[in-house]
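Okay, everyone, thanks for coming. Let me put the model up on the screen, and then I'll talk you through it.

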Amino acid sequence: MKILVLNCGSSSIKYQLFTMADRKVVAKGGIEKLGMKGSFLKHVRQDGQVVVFEGEIMDHKIGVEYILGILTSEKHGCLKSLDELDAIGHRVVHGGEEFNKSVLLTEDVLAVVTKCIDIAPLHNPPNLKGIRAMEELIPGILQVGVFDTAFHQTIEPKAYMYGIPYTLYKKFAIRRYGFHGTSHRYVTRRACELLGVDYQTQSIISCHLGNGASVAAVKNGKSVDTSMGFTPIEGLMMGTRCGDLDVGVVQYIMEKEEIGLRSANTLFNKHAGILGVSGVSSDMREVEHAKANGNERAALALDMYNYRVKKYIGSYIAAMNGLNILILTGGIGENADTTRAGVCSDLDFLGISLDTEKNKGFRSEGIISTPDSKVKIMVVPTDEELMIALDTEEIVSKIKK
Amino acid sequence: MPSEVIYEPIEEFGLSKKNVSRTLFSKIGIIGCGLVGQNIARVASFYGIEVVFIEVNEDKIREAYKNIEKVLDERIEHWGITGGEKRAILSRIKGTLDYQDLKGCDFVIEAIRAVDRGGKIKERREIFQRIEDVVEPDCIIATHSTTIVITELSSDLKYRDRCVSIHFFVNHQEARLVEVVRSLYTTDESFQKVCKFVNLINRKIISVQESAGLVSVRIFVVLLNEACEILMEGISNIEDIDQTMKIGFGMRLGPFEVADKMGLDKIVRWMDNIYNEFGDIRYKPNPYLRKLVRAKHLGMEVNEGFYKYDENGKRIFQNNQKC
C-alpha cells in the first residue's frame with residue numbers, strides 16, 4: 001500500500017510518501033512561501049538527491065498539483081501513475097469536540113471540520129484546502145484526517161474545563177483541547193513497544209519539546225491531561241511563546257503599554273518565551289552558547305524553561321498517582337542533553353534518576369535513566385507523518401476489505 | 001552518492017501544464033513616498049508584497065527609508081512586530097528615481113505629496129501617463145486622493161478602465177479601512193482586482209461613488225468646522241470639546257486631536273477643494289483654522305497645532321486651552 005501524507009499550513013505544504021509494507025519513506029519534501037513571491041518546492045528523492053523546483057506556486061491546489069506532478073514525473077518521480085496511490089493521510093489541526101480518533105474524510109466529516117474553523121481560524125482552512133485540492137485532482141481517492149486534538153479527547157471535564165462561566169463553554173466551546181496529539185500518541189506507544197510493556201497498563205508523561213512545546217499525561221493508553229489548552233500558547237514556556245501567565249498581567253501590560261489585542265497577541269506569541277527572557281534567540285543552541293559565555297539572562301531563560309517542564313511532570317505524577325515512563329521528544333527533547341539533564345535533575349525522590357553519562361550526547365532512541373531508576377526515562381524521536389500513515393492504512397484497509 | 005542540489009523550473013512539472021499563472025499583486029508601485037506612500041509601502045510589504053517607490057531625488061528616497069524604519073522600530077517597541085519581520089519588510093521595499101522600475105507591477109498608486117501637487121491636476125495626469133507607458137494594460141493605476149475626481153484624471157489614458165481612486169487612513173495603525181472610488185470608466189473586473197488587493201493587505205473596503213471628500217473627509221471637515229465654531233464662540237475649550245466627543249460618543253480621538261495628527265494645512269486644502277466643488281458654506285475652512293495655518297501651527301509634525309507637543313510628540317498639557 002502506498003500512502004501520501006500531507007500537512008498543509010497557511011503558506012507551506014509538507015509531504016511524505018510511504019510504502020506501508022516496510023514503513024519506508026520513498027519520497028518527501030515541502031513547499032515554502034506558498035502564494036508569495038519566491039515560492040519553491042524542495043523534494044528529496046529516494047536516492048537522497050535534493051531537487052529544488054522554483055516558480056510561482058499560487059495556492060494549495062496548484063501546490064498539490066505540482067507535488068503529484070513531481071511524484072509521477074519520469075525524471076524525479078517514483079510513481080508510474082497516480083493510480084498507484086492507495087490513500088492520502090492529512091494532518092488536521094483542530095477536530096474540536098467532534099473527533100476523538102482519525103476518520104475517513106467524507107462530506108459529512110468535512111462539514112464538521114469546516115465548523116471547527118471558528119476555533120482554529122489559522123489552521124483548519126489550509127488543511128481543508130489541501131483535502132479539497134486532492135479530491136479534485138484524484139477524484140474518488142480515499143482520504144483520512146488525523147487530528148492534532150483527537151488524542152486528548154479522553155481528558156475528563158475536571159481537567160479540560162477552565163474556571164470561567166459555564167455558559168462560555170456552552171456558547172463558544174471554550175475548554176482545553178491540547179495539541180501535538182499525534183506526536184504524544186506515537187511516542188508513548190513506541191516507548192511501550194521498545195520496552196515490551198503493555199500500553200494499556202502504563203502511566204506515561206510525554207514531553208514534546210520543540211518550537212512549540214507541550215507535556216501530556218497518558219494513563220492506561222489514554223491522555224488524561226496536557227499542558228496546551230484552548231490555543232497552543234498555554235502551558236510550558238516556549239521559543240517565543242510565554243506559556244502559563246496570570247491573565248491579570250495581560251490586562252496590565254495592555255494598559256501600561258497602550259497596546260491593542262493584535263499587538264498583545266504578537267507580544268505573547270512572538271516576543272515572549274526563551275527569546276523574550278534571554279534577549280538572545282528562540283533557538284536553544286544559541287541561548288546555551290550565550291549562557292556558556294556568561295550571559296545571565298540566557299542562563300535564567302534556560303532555568304525557567306527546565307523548571308516549567310519539571311513542574312508539569314510533578315503535577316502529572318500527582319494526577320496519575322504514579323509514573324512508569326518519562327519520554328522526551330521533539331527537536332529539543334531529542335537533541336538538547338543539557339535541557340534533559342535540567343528537566344530530570346533532583347527528581348530522585350519520585351524515582352526518576354537520569355544516567356548523566358548516558359544522557360550526554362545521546363541522539364537516538366532509547367533509555368537514558370539509571371538501571372535502578374524506578375521510572376524509565378526515554379528519548380523517542382517523534383514521527384507524526386508515520387503515525388498519520390499508519391492511521392490511514394488502518395482505516396483504508398478496513399474499507400477495502 | 002547524491003550530488004549537489006538540482007534546480008528545476010516548476011512549471012514543467014504540473015499535472016496539466018496549463019496552470020502557470022502569476023501571483024496577483026506580487027509587486028506594486030508607489031509614486032511619491034511621503035507619509036501616505038510610506039504607509040502603503042509598509043503595509044503592503046508587511047503582507048509579503050514587493051514594493052517599488054519612485055521619488056524625485058536620492059535625498060527623498062533616503063528620507064522615506066528612514067521614516068519607514070522609524071515607524072517599524074516604534075512598532076517593535078510596542079510589541080507589534082519582531083526584529084525579523086522588520087528586516088523582511090524593509091528588504092521588500094525598493095526606492096528608485098526611474099519609472100522603468102515599475103515594470104512588472106500589478107498595481108501602481110500615485111501618492112505624491114499634496115504640497116508638490118500645488119492642487120493642480122496637470123502634474124498628476126502626466127504621472128498617470130508615465131505610469132501607463134511602462135506597465136502592462138491590465139495593471140491597476142490608482143490615485144491616492146479624496147477630493148480629486150478619478151474620471152478626470154484617467155480620461156487621457158489609453159486603458160482608462162483600470163483606474164480607481166483609493167484613500168487609506170494613515171492616522172493610526174488600527175484603521176484597517178480603505179475607501180475605493182470607481183470612475184465612470186472603471187470595469188467590474190478592475191474593481192474586483194482592487195478588492196482583492198485590499199483583502200490581501202487585510203483592510204476593509206468601503207466602495208464609494210465618485211464625489212469630492214468621499215465619506216470620511218466630508219463628514220470630518222464639517223465636524224472640525226463646527227468644533228472650531230464652538231471654540232470661537234467661547235462655549236467650551238479645546239480639551240473639553242475633544243473629551244465630549246471621545247467619552248460621549250466613543251471616538252478614539254477628538255476632532256482637534258485628529259486634526260493635529262493629520263496636519264492642519266492638509267485639512268484646509270481638503271476643505272478648499274470640497275468647498276469649490278459644492279459651494280456649500282459648511283465646507284469653508286473656519287477662520288480659526290486658517291489662523292493656525294497662517295501661523296504655521298500645522299499640527300503634530302511641527303509640535304504645535306490646536307495643542308502643543310514636546311519633541312517626542314507627547315502632548316504638553318495646558319489648562320483650559322482656549323483660542
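So, chain A is divided into domain 1 (2-147) and domain 2 (181-384), with bounds that come from an automatic or database domain assignment. Their centres, taken over C-alpha atoms, are separated by 29 Å. Before I go on: this is a predicted model, where local features need pLDDT of at least 70 and side-chain atom pairs count only at pLDDT 80 or more, while totals for chains, interfaces and linings use all residues. Residues are numbered from 1 along each chain as its sequence is written, and chains are lettered from A and ligands numbered from 1 in the order in which they are written.

Overall size, then. With 401 residues, a compact globule would come out near 21 Å in radius of gyration, and chain A has 22 Å, which agrees; that's over C-alpha atoms, and the globule rule is 2.2 Å times the number of residues to the power 0.38. The C-alpha atoms of chain A fill a box of roughly 60 × 55 × 45 Å along the principal axes. In chain A, 46% of the 401 residues are buried, meaning 20 or more other C-beta atoms lie within 10 Å of a residue's own, with exposed being 12 or fewer, partly exposed in between, and C-beta atoms placed from the backbone.

For secondary structure, chain A has 15 helices and 14 strands. Those are DSSP runs, H or I of at least four residues for helices and E of at least two for strands, numbered from the N terminus.

Now the sheet I like. Which strands make up the open sheet of 9 strands, and in what order? Reading across, we get β7(A)-β8(A)-β6(A)-β1(A)-β2(A)-β3(A)-β4(A)-β5(A)-β1(B), with mixed pairing; strands count as paired if DSSP finds at least two bridges between them. At the edges stand β7 (103-104) of chain A and β1 of chain B, each with a single partner strand, so one side of each has no neighbour in the sheet.

Let's zoom in on the chain B end. Strand β5 (residues 50-54) of chain A and β1(B) run parallel, joined by 4 bridges. A:V51 has B:I6 as its bridge partner, and A:V52 stands opposite B:Y7.

Last stop, the inside. The largest nonpolar core has 103 residues, and A:Y66, A:I205, A:V215, A:L326 and A:I327 touch the most other members. A core here is a set of buried Ala, Val, Leu, Ile, Met, Phe, Trp, Tyr and Cys residues joined through C-beta atoms within 7 Å. Its largest share, 9 residues, comes from α11(A). Both domain 1 and domain 2 of chain A give it at least three residues each.
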